[in-house]
Amino acid sequence: MIALPLASLVLVGVGSPLVLFGILAGASLVNRPLPERWTGVLAAGSMTVACAALASALVVAGATRTGPLLLSFGSWSSSRDGGIGIEFLVDRASLGFGALSAAIVGVVSAFSYRYLHREPGYHRYFVLLSLFVTGMLLVALAGNVEVLFVGWELVGLSSALLVGFFHDRPAPVANALRVFSVYRVSDAAMLSAAVLLRHTAGTDSLALLFGARGAPAIALTAPSATVIAILLIVAVAAKSALLPFSGWLPRAMEGPTPSSAVYYGSLSIHAGCFLLLRSAPLLAHSPAARALAVALGLATAAFAALATRVQSDVKSSLAYAALTQVGLIVVEIALGWNTIAFVHLAGHACFRLLQFLSAPNVLHDLHGMEETLQERSPRAVGLEVLLPDRWRRRLYLLALERGFLDNLLDRAIVTPFTAAARRLTRFDTALCEAVLPADRTLASDRTVARDD
Amino acid sequence: MTDPRVWLAIAATMPAAIILLTLAPVDVERLRRFAVGAAVAMLAATIEVATLPHTIAIRESALTWAAGGEALLRVDGLSSVLLPLAAGLWLLTVAVTPRASLDRAGLRRTALATLVTLASFLTESAVVLLALSVASLWTFIAALDAHNYQRRIVAAYLGTSTALFGVGVALLIAPHARGTWWDTAALWIIAVAALLRKGIFPFHAWVPELFDHGRLGPAILYSAPQVGAYMAVVLIVPRASPELLRLIAILALATSVYGAALALVQTSARRACGYLFISQSALVLAGLDCTSRGALAGGLIVWLSAGLAFAGLARCVLVLEARRGHLDLSAYHGGYDRTPLLAISFLTMGLACTGFPGTLGFVGQELLVSGAVDAFPVMGFAIVAASALTGLAVLRMYFSLFCGRRDVFAHSALRFELTRREAWTFIALVVTLIGLGIAPRPLVDSRLAASDTILKMRSFLHQ
């Protein structure tokens, strides 16, 4: 009896931003974007409906003391066996995070309505924002691997396209590609975990994996559990910018401020933490994975705390400050302090959103005050003053160069990969031309491709 | 009209009528309008054939040893969905071919090629398929008359494939061949012919070269229907040993990852398209491993999605090339604001190629992975890797071709916008890929039924 209103509310909550995306994307496709005012009103309305529906579902679930519930809406892809199922895992954590996501995006929509007024990409921004919130809600409520993956991918693509929002300049576009490449690592790791899960346990149900009552309800051998958990940690690390993937975070600041706020201050950066939180029962069965998560979380927190002190722009500084907290949340989850982790996550998401959105005004006020007083504001002094001068300088360099993480990844992965792929391209061309030499005097025979 | 033969006759008449019409002194642009109309009518007729519950078969035993003969012409679960693919590709070709590349002979050849593809999808006879392969090769070579290197590539690689196919068919239909080593040898030879035709590793090198030189339009029209996959489904899958099918699947998966990785570093948009094509089309053969009906159905869906999405993507490149000249991926070209629909279409079709959620490609790849994961988990990991790499390659192409600069040319008077015909064709293709991705049930059900038919035929022939 309780499942029916819950199911309806969840459907309305997830469906509302999806409908918004359909309307806005359809208008874009036929090159008839809606007027700014309509877009803003529709976005705010859609987020309000989604938030209200999910909050109501949370109240219903709380009032009726409903435990974790798997809402199955049948097979989406087929009326026969073997289709892709639509399933949502509903509990206080998923509904709470879903409602929080809708509320935060609602606030950002209202802010963006004025902030991006007359911006050429105004309509595109809202298309991507609606795609993002749909993805976030699917990640929050996913009951099986397919739904989780759909949400994960939507969040990744919308994020990359918003980093490249100002797409008539080369830097945002190059950075967007970089961000997307790290997200693809995350996607691949998560899907590999899913493939392994299906192979070893024969299921793709997250309700079973996440263990409704605190322990996986499926039999996984210790090595399988460890490998799956480690793959999930890699997915989380790439999505939440944990070490060694932190290099993409400052690059992602190329997007408009509201999107930076919602993605890298508030929601997207916490999506990995939320997934890890949901996987806590699996993590509990793998000491090695827990140790890895603790190490990654602590190292990321320490690195981000250093990096945030030397950033020259407020958005990057705030993003690294957010990363510090994300590292600590990961540690809390790995230690099994799940309630603290959830409260930390929700509180931090709201607080950092406020900081990001108010940062331009605060800076403006600060500059005004400095001009009036004719002196610079005093700089905050941290614990680094306790360090010897030599160490302080080394740490400063490390922080300034953002841990040399991009260089390390380039040297370890990107450069060898591209070099090998180019060699293979040359080999393919040579192989073909060995059989059929091209006549380079003919324009039609000239190879237009170059390998660099 | 519930008789599929009527609709089939209408579908076949359309390209035939255009072939005849090209012989009359009609203005080329007007001829194109007729061709677009005929292609729309053919598409409607083939969709009607696909949705009708009836199947038809004209069987003949003169050309085969199979008990009860073989269907020279048949419409069943497998072929019915492929017919709209052939019609759709023709429509795409005639609707968006740039005006500068449009000529009477070209329109005639595209109609003829469509007719040959349609006929290929309607038969399961090895001999008829061989004859159609020869006809198809001839039309393809004829389309490349001004492009020496491209023509030689086609003649050498596809000529070899067709010759091997001929040898295989001769062995297959030889008297008393069934159950002997002739039979096995025939299947291996046909398998090599199919791998060569589809550009599967290690026979892949010619595909990027083909796309990179000369005319892209005929290369798309010839490659996208993937008649090589059809050869494999009709002739190899029912008869081949599990070992041969597993070998084909492993080679296909290797090709998929290899093509995706190399697409990522190309500097020519055309060449990147070539690698994307071999990567995605290889997944069709991976599904033919027959580990499960789900995986097989997934492969059949990827066939449609990769065919449509790739053809659309490559056509976007061609349309863009007609406006800007050679497209170098090592630079940013910008111009999103002048061609937003083309940019959105390119991105959507690219994402459909990679199996992005919400597109038909996702459904196919998901079925492929979930169907094969128990018996052949390597397939799952390989598809994950290929999908990750192709996604990155597509986004790189998108950023390079449409972003990164304020505008491309100083002359703002130059016309960059799509024509209405081009715009509606791309919109229709995008809506199809997303529509079938959001509501895939009828298609998935029909592909699962087709998988059952293939597996039944396989178990029947292996008894």
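Reader: Let's start with chain A. What radius of gyration does chain A have, next to what a compact globule of 452 residues would have?

Author: This is a predicted model, so everything here is read from computed coordinates. A compact globule with 452 residues would come out near 22 Å, and the value for chain A agrees with that. The radius of gyration of chain A is 24 Å.

Reader: And how far does the C-alpha trace of chain A span along its principal axes?

Author: Chain A is built with 17 helices and two strands. Buried residues make up 50% of its 452 residues. Along the principal axes, its C-alpha trace spans about 75 × 75 × 55 Å.

Reader: How is chain A divided into domains, and how far apart are the C-alpha centres of domain 1 and domain 2?

Author: Chain A has domain 1 (1-141), domain 2 (144-373 + 382-400) and domain 3 (403-445). Taking the C-alpha centres of domain 1 and domain 2 of chain A, the distance is 22 Å.

Reader: Which elements give two or more residues to the side of domain 1 of chain A that touches domain 2 of chain A?

Author: In this contact, 30 residues of domain 1 of chain A meet 34 residues of domain 2 of chain A. By class, the domain 1 side has 22 nonpolar, seven polar and one charged residues. The elements giving two or more residues to that side are strand S2 (85-90), helix H3 (92-115) and helix H4 (122-141) of chain A.

Reader: Is A:Leu298 buried, partly exposed or exposed?

Author: A:Leu298 sits in helix H13 (residues 287-310) of chain A. Leaving aside neighbours within four places in sequence, A:Leu298 is in contact with A:Gly327 and A:Val331. A residue needs 20 or more other C-beta atoms within 10 Å to be buried, and 12 or fewer to be exposed. Because A:Leu298 has 16 C-beta neighbours inside 10 Å, it counts as partly exposed.

Reader: On to chain B. What is the radius of gyration of chain B?

Author: Chain B has 18 helices and two strands, and its C-alpha trace spans about 70 × 55 × 45 Å along the principal axes. For 463 residues the globule rule gives 23 Å, and chain B is close to that, so it is as compact as a globular protein of that length. The radius of gyration of chain B is 21 Å.

Reader: What share of the 463 residues in chain B is buried?

Author: Residues 24 or more positions apart account for 80% of the contacts in chain B with a separation of 6 or more. As for burial, the share in chain B is 64%.

Reader: Which residues does B:Met231 touch, not counting those up to four places away in sequence?

Author: B:Met231 lies in helix H10 (residues 227-236) of chain B. With 26 other C-beta atoms within 10 Å, B:Met231 is buried. B:Ile190 is 41 residues from B:Met231 in sequence, yet their C-alpha atoms are 8.3 Å apart. The residues B:Met231 touches are B:Leu129, B:Ile190 and B:Ala194.

Reader: Which residues touch the most other members of the largest nonpolar core?

Author: In soluble globular proteins, nonpolar side chains tend to be buried together. The largest nonpolar core here has 337 residues, and helix H13 (residues 293-324) of chain B gives the most to this core, with 20 residues. The members that touch the most others are A:Val139, B:Leu285 and B:Ile301.

Reader: Which helix gives the most to the side of chain B that touches chain A?

Author: Here 63 residues of chain B are in contact with 54 residues of chain A. By class, the chain B side has 35 nonpolar, 16 polar and twelve charged residues. With eleven residues, the helix that gives the most to this side is H16(B).

Notes. Residues are numbered from 1 along each chain as its sequence is written. Chains are lettered from A and ligands numbered from 1 in the order in which they are written. Two residues are in contact if their C-beta atoms, placed from the backbone, lie within 7 Å. Helices (H or I, at least four residues) and strands (E, at least two) are DSSP runs, numbered from the N terminus. Ala, Val, Leu, Ile, Met, Phe, Trp, Tyr, Cys and Pro count as nonpolar, Asp, Glu, Lys and Arg as charged, and the others, Gly among them, as polar. Domain bounds come from an automatic or database domain assignment. The radius of gyration is taken over C-alpha atoms; the globule rule is 2.2 Å times the number of residues to the power 0.38. A nonpolar core is a set of buried Ala, Val, Leu, Ile, Met, Phe, Trp, Tyr and Cys residues joined through C-beta atoms within 7 Å.
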